[in-house]
Structure formats: C-alpha cells, structure tokens
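Thank you all for making time this morning.

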Amino acid sequence: MLAGIALGVAAKKFAVEVDPRELAILEVLSGANCGACGYPGCGAYAKAVASGEASASLCTPGGAETIQKVARIMGVVAESSEPQVAVVVCQGDNRKAKNKYRYFGIVDCQAAQRLADGPKTCPGGCLGLGTCMRICPFGAIEITPDGLAVISRDKCTGCRKCVSACPRSVIRMEPLAATVHVLCNSHDKGAVVRKYCSIGCVACHICHKTVPEAFHVENFLAAVNHEFNEEALAAVEKCPTKCIRDFADGYPEGSTFHSPTKTRPEWVA
Amino acid sequence: MKLKTFAGGLHPPDNKQWSAHKAIEVCPLPALLVIPLSQHIGLPAEPCVKPGERVKKGQTVGRAKGFVSVPVHASTSGEVVAVEPRPHPSGRDLPAVVIVPDGADEWLDGIETVRCDELTPDQMRERIRDAGVVGMGGATFPTHVKLSPPVEKPIDTLILNGVECEPYLTADHRLMLEEPQRIFAGIVVMRKILGVSRIFVGIEANKPDAIEVMTKLCAGTGVEIVPLAVKFPQGAEKQLIKAIVGREVPSGGLPMDVGLVVQNVGTAAAIQDAVTFGRPLIERICTVAGPGVVEPKNLRVRIGTPLSHLVAHCGGLAGDPAKIIMGGPMMGMAQLSLEVPTTRGTSGLLLFREEDLTLAPEGPCLRCGRCVRVCPAHLLPTTIAAYARLERIDEAADYGAMDCIECGCCTYSCPAEIPLVQSIRSGKAAILAKRRKG
C-alpha cells in the first residue's frame, strides 16, 4: 500500500516530459524497427522528427501514407518520394547457373563469399544462402528450392536492409512502378556468361534493337530505362536467354509469390 | 621420458607412411611456369618485366613494395609471355608472370658465393630480403621482417620448427634427413643476425631418424634438438614455444614479445642459399600425397609449376579428384583446379577422391565439449562460433575469437559436423571490419 503510494508520487514527480508529437508520430509508424530511416528503431526516429533533427519523409517502409501522416503531425508538407522496392537482379539458381566448387560450410552468403569469392562461377550471381531472407524485417524474401532469392513486391517496403547485407550486390532498389527488369548482374562477355549460366545477359543487343529508347547495353550488361516501362514489354519475348522479366507476369521460376498486385497502386499517378 | 608438449590438441591419423621413406626427387621443368606476384603476406610484388622479354634463372620479375613485402624471381631461364591475372591458390585470379622455359636453365650472372662470417647482420638481412625468403611452413611471412625485431624487444632464443605435425606432409622430414647441413648453415646465419645463444630444434617424436641425424650434426654446437610429443598442432608457433621453453605469447602478441623467433627448417635452408650463395628462393620441397594420386612422392619443385605437372610426375591421378588441398589436411587450402601454380608456401599437395571424403550434414551442438578440450588456444570454440553466426560480434571478441589460430582441431573433433573454424573465421573478419570502421 505504502509502496504503491510512493510509486504513484514518484511517477508524478519524476515524470519525463515527452513531446506529444513524438508519441503521435510513434503511433503512426509501423513499429517494425527496421532501421530504414537510419535511426535505431521507430522510437528513435519519432524523437528525431519531433525535435526537428530528422526529415519527416524518411519512413520509406511506411509508404506515402505514413509519410503524409508524419508530415501532418509536424505541420510540414511531405516531400513526395516515389515508392521503391528491392529487386534481386539474378535468375541463375542452382539448375541454371554453374558453381565452381561444392560448398558445405555455414549457410550464410557473406561467409561463403569469403571462400574464393563464393561458390557460384558467375561473379555477380545470387548465392541463394539466404542472408537477405534472414535480415528482412518484413518477411518479404524467400529462397526458392533451387537456391535463388526472390523478393515479394507486395511485402517489400523498401528499407534497403537486404541491399547492404548482400555480399555480391545483386539486390538493387528500383521504382515500384517499373515492372520490367533485366535480371542479370554479370558484366562478363557473352561467351563467358554462356559457359556458366543459361539465363544470364549475353549482351546480344536484341532488346536495344527492338526498343532502342527503353534499353541500353553497357559494359556487357543490358539495362532498362524505367521511363519506358510499357514500351520495354516488347523486348521481354525477344530476349534469347529470357533474362528480361516483366514482374506483372509473375516471379522467377520456383517462387511461391503470386503475381504482384501492388504494381500499379492508384496513388501512383 | 615424458615428451614436451602443450595442453589441448589431438592426433589425427598421420598418414605419413606413404611418402616418409621416399627420397626427394627433382620434378622436371614444366612447359609453362606461372609465377604469382603475391606469394607472401604483405603487399604483392610489382612486375618489372614485360611480355617478350628474356629472363634468366634467379632474375627478379617482381619488385618488393614496402618493408613487409619481398621480390619474386624467375624460376628458370626463358621468355616472359604474359603478365596478367592467372588462377591463384587463394581462389581468385591474381597477377602473375608467365614464363615459357627455354630448357637451358641458365643462372643470372653476378650471383656470387660469399663467406657468411664476412657479412654484417644488416647485409645478411638484405640478402635474405632480396632472395625473397618467406616462412616456408605455409604462412609465407617475409623472413627478413621476422629477423628484424625492434630494439625494445630483445631476442634471447631461436626455435627451429621441424615438427611437421600436419598429416600426410613429409617435406620437412625429408629435408632434415637429406640436407641437414643446409638447415644447420641457416641456423648459423640466424644466430649471427639475432645474436642469440639458446637455439632449439623442435621435432615430433614420430621422426626418430630425423632426430638422430640432426642430433649428430648439432652435437657440441650449442643447438639442442628437442623431441616433442606427436600431437597436432605441435608445429603451431605459439604451441611450439609453450612446449619447448614454457613461455606463453600474450593475446594479440607475437613471439618477439617473449623474446623468441621461430623459423621453419625449410626457411633455414632457404636462408643459407640466400646468404651464402646469393640464390633466390625459386624452388621448394613439396609432398604430393593422398589416395587420389598414384604414387605419393616428395618433390623438389620450381615455384610456378602447375599442380597438374606435379601430379603427372607422381604417376597421375588415381580417380577423379573430389578435393584438392594445398598444404596439410588440417590447415591447408582447398583448390578449385590443378591449374593453380606451386608457390613458396606450397608444402604439400593432397588429392582425395569422392569415396575418401566423409560428408555429413551439420547437426545441432551436443554440448559434448570435445572442441573445448582440444582447443590449443584454450578457447570455447562452440560459444565463439555460435556468437559469430548470430552476428554478435562484440561477444565473440570478448570470448577471444581473435586468439583462434584456426588449426581446425575443433571442427575435426566435432561429432555434430559443425563448421566451427569457418564460423569463427567469419566472426574474426567481422571483428576486424568493425575495428577498421572504428
């Protein structure tokens, strides 16, 4: 009883004053503590925003909606940012791409990469040991049975954690609205790529010849100009190695993710 | 008599019977020599020859870059056909000088024999560095650096490492039997450079013939031969020091912190060649063994010889190789192909076929403590490995991850087949990365 009274008094007397805006911001944040904003967790970010230290538009995982809400609480105008998703730019699973040695070590891409630059012959291909899958705070990444990381465009919030965890830089941030991607990360010449991967870019320039404005080939690797996403569709069928994928058609082979539903959200004008 | 040793360790089947009785054979020159510019710890050498140039045996083809670096030499006379990245034992393609031998095997002019008692220690160190001498046990640390201890760290003892505790390897054993004078002459040079009086040669007791030869040769010279218990890793620097003189190298420290220098017997022989004869390190003794090769042998090999050439000289492959190891089976490095060249650190080449390997899936830790019992560095391998895999880097460091010598005893003894050394190594890399970041 006495202790209760003492605690009550202490709580009143030593109460730490909290900026009400900080609490309000914390309320609208997702609470995933993913760290995409660069702060250690949602609490720290809310505090930083409330104190005017951080911009109100750093919560990319929350999307435009969350950013709007945070901006409203702070009474500022949200800087519009195009929503982004992470994309694994490789389709060379263990069936399609060759390995230079058999790996029996710990299931971790970074550890495998330390052994002669990883078991995969391709210097840029996905190792499929799931370091990105384990670090993803949103469960948006799966490893197919043949060993390829695939990221769900529905679940990915764009926090970039996988991008920094991948030792082979095979995960890239791309605009969510862009569905056509060249899924290859090898800058080797075509003849070299053919030796180790059946679904890699061989820099044949056919995509560029089909839709010159949407594709360009640089350093033996094709890339899409996302402004011409619709036009780029024409090259998907033409690609001889099928390394160009339209995610609106579905995910790489072996993935359990369903065809993306969030590819054209209404609020992306 | 109880043999000297250290606490921990284990004794895997040593499998030395296949090659221990075989005299060193000279491996003929291959059609192509690939001499990597990085064959030592420290900065790689800088190429100083161009394709098309003719070189002579012993000519410098790569200059040392900095103090902790050594030059690289042509292993025979011939024509340089390329200076480009080639497969390297590390698994990457690294810069190398490619030479087509002309068959004349002609020495460079101006290589002179000197009386080593006329040289000052500094001149000797210079000759050792110019000859590109590195630790021949496999670590390939530049020898002149080891022989240049700072003034504040006085050296009172020199230990020669003739332990050769790795299974299969018999290169040092044969060297001690067949060319002990070279080793002894190297000891005399090092004694003068370091100014030490106490000198020990540690040899595992499973080489009684080598102990006998060395004891006879060193009788009355103040060099003491110490037979050691047969246990892995008896030849690891810190464990050898503990066994012979009872001193413990502090955590993160070097043998020179406790007044010691340790050199491999092969390095001693190379020092003799460098200082007395002015001959650079262009060949070494290498054991080719394992069930995957027809006739195991000890070969005298020119640096840069492709491993496939060594195998061809040993009767060829006995079946498809499933695992190729450069060095010993406990601490050696698995190789991607036999096209990799022999380097200054190649003490052995081991070949295993699919049926010789046991591969079992990893299971959960049984908490049996075998790894703890065998750890020669007195660490808790299972704990450090678990922290490393959880990426709890600070805890891994607190448990002494950086003191791990990566000898492989824990992984070897683990009944659950946990890749402990790989996990700890991974943790060590993360700790170093974090320290660099600050």
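This is a predicted model: local features need pLDDT of at least 70, side-chain atom pairs count only at pLDDT 80 or more; totals for chains, interfaces and linings use all residues.

**A walk through chains A and B**

D172(B) is buried, because 29 other C-beta atoms lie within 10 Å of its own; by the rule used here, a residue is buried if 20 or more other C-beta atoms, placed from the backbone, lie within 10 Å, exposed if 12 or fewer, and partly exposed in between. Residues are numbered from 1 along each chain as its sequence is written, and chains are lettered from A and ligands numbered from 1 in the order in which they are written.

To return to D172(B), its place is in helix α3 of chain B, residues 171-178, where helices (H or I, at least four residues) and strands (E, at least two) are DSSP runs numbered from the N terminus. Leaving aside neighbours within four places in sequence, D172(B) is in contact with G162(B), E164(B), V265(B) and G266(B), contact meaning that the C-beta atoms, placed from the backbone, lie within 7 Å. N298(B) is 126 residues away from D172(B) in sequence, and the two are 9.7 Å apart in space, C-alpha to C-alpha.

Not counting residues up to four places away in sequence, E237(B) touches P255(B) and V262(B).

Most residues other than glycine have a negative phi, and most peptide bonds are trans. R367(B), however, has a positive phi near 60°, and R367(B) is exposed, since 8 other C-beta atoms lie within 10 Å. E417(B) also has a positive phi, of about 60°; E417(B) lies in the loop between α12 (409-413) and α13 of chain B, and is partly exposed, with 14 other C-beta atoms within 10 Å.

How do the axes of α10 and α13 of chain B cross? The axes of α10(B), residues 381-389, and α13(B), residues 420-437, come within 8 Å and cross at roughly 55°, the axes being lines fitted to C-alpha atoms over the stretch in contact, with angles from 0 to 180 degrees between N-to-C directions. The two helices are therefore oblique to each other, given that angles under 35 degrees count as roughly parallel, over 145 as roughly antiparallel, 65 to 115 as roughly perpendicular and the rest as oblique. Among the residues that meet in this contact are I384(B) and Y387(B) from α10(B), and L420(B) and I424(B) from α13(B).

Finally, the chains themselves: 11 residues of chain B are in contact with 10 residues of chain A. On the side of chain B that touches chain A, the largest share, 4 residues, comes from α13(B).

Notes:
Two residues are in contact if their C-beta atoms, placed from the backbone, lie within 7 Å.
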